Amino acid sequence: MTALDTLEERVRRDLELTAYPRPEWVRPRTRDGEHVLDVLIVGAGQAGLTVAFALKRRAVTNVLLLDAAPAGSEGPWTTYAAMHTLRTPKTLTGPDQGLPSLTPEAWYRAAHGDAAWEDLRFIPKHHWQAYLDWFRKVTEPRVHNGVSVTGIRPAGDLLEVETSEGVRLARRVVLASGLAGNGEWTVPRMVRDALAPHRYAHTGERLDFARFAGQRVGVLGGGASAFDYAGAALEHGAASVDLFYRRPEVPRVNLFRWMEFYAFGAHFPDLPDEDKWRYSVHFQRMNQPPPQASWHRCTGWDSFAWHTSADWKSVEVDGDPGTGEIVVATGAGEFRFDAVISATGPNVDLAARPELRDVAPYAATWADRFTPPAGWEDQATAGYPYLDGDFGFTERTPGSAPWLSRVHDFTYGARVSMGLNGNMNSGLGAGGRRLADALSRSLFLEDGAAFLEDYTRYDLAELTDLGRPDGGR
């Protein structure tokens, strides 16, 4: 028996030991003979798996996860992520929901040995995907891969979810669709208007970096992904890579490290709106530096350069659109490239997501609900959805779409309302607990009258022998 086999036995035993109370309590529903899901989760990556397991711990098991990607390719880790390792500390927990045998460390020690764990600084991204695959195996959620979700709309007191395998009915829907789960990856219009599609890429797409061999590459943006894509291009033979910040200085401080304590993750959603806003805008202003390893990955090449105060002012092609030099005018002067990478991240635009097109017209944003104090205005932050304390969408106009409260946003788009959340490794633990508790609570209260009726009719006798133990009178 291998160490991993032994760990899996321990997981099964731990789940048994902590399974009280055991009964599955959610009342089953059908409509016109069709089975109704209690929770449908859009996305089977780390966030979706965490929520499914957290629900299972609460005996909510009528749950289905749908993911458009093949099994093992959910999320960025084996698809578009260009980093070598995770950026979070190796000791992070979250998917395990407090069960020690399910932690990343327990799996890593069993899979790779104690010495490998002790020598490890950050978990390699392919090992993280392997951990998630193992986590899915031992927690046994019901997942359908290769299935896309194309619409969510009300159906009385239920939700009708349109998918590529047909329509599903659900009482609650959880969006666990990642970094771009509330919008789409962006490329500035000046780039899209000037360049043929094969001349540019963005940091949310899966690339064969060999395409940059021998080319001069310009990277717009200075975040962690910008450095990861720049490093990958250099490693695959790019002739040169120039990276551009609009800021006057390279960010040095990573505010995520400050945020990684339990109370912040658990109780950020309970803060007053003004505090949430200040936290979010301060993060927006500070931005996030690349990890030290990513910096060295790029700066170790003589053919790499970075430029500050270098916002892009214009992009055009000198000569043939397909082969001519790409001319970029920046705050740091003019540069010429053969290819461009946009590291400008995803936007927040619900209408850009097929599954959210019926949500977008009714969902409130922070601009609808909050007026920033003087000096704290931020247009980008104002566009994020204004969520309830259970990750649920809220109505822009009261009474216009009460069904929105049954759609829960466990994506990066929740960050202004909910702080650290399911899209980010650091937020899986507290976020998963909060969302699972909220879903369990709402399902229970919704059927409160039926539970009370069951309670008043309960007549299973526990005291069955009224005789005296000694047989006396």
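**View 1. V328 and its bridge partner F335 in β14.** In this predicted model, V328 has F335 of β14 as its bridge partner, and β13 (residues 325–330) pairs with β14 in the antiparallel sense over five bridges; strands are DSSP runs of E with at least two residues, helices are runs of H or I with at least four residues, both numbered from the N terminus, and two strands pair if DSSP finds at least two bridges between them.

**View 2. The open sheet β12-β13-β14.** Three strands in this order form an open sheet with antiparallel pairing, in which β12 and β14 (333–337) are the edge strands, each pairing on one side only. Neighbouring strands are turned by 20 degrees against each other on average, direction ignored, where axes are lines fitted to C-alpha atoms.

**View 3. The buried residues of helix α11 (residues 292–299).** S294, W295, R297 and C298 are buried, that is, under 20% relative accessible area with a 1.4 Å probe and protein chains only, whereas exposed means over 50% and partly exposed lies in between.

**View 4. Positive phi at E140.** E140, in the loop between α5 (125–139) and β4 (143–145), has a phi near 55 degrees, a positive value in a residue other than glycine. At 60% relative accessibility, E140 counts as exposed.

Residues are numbered from 1 along each chain as its sequence is written. Local features need pLDDT of at least 70 and side-chain atom pairs count only at pLDDT 80 or more, while totals for chains, interfaces and linings use all residues, and side-chain values use heavy atoms, with hydrogens and water left out.

How values were computed: Axes fitted to C-alpha atoms, helices over the stretch in contact; angles between N-to-C directions.
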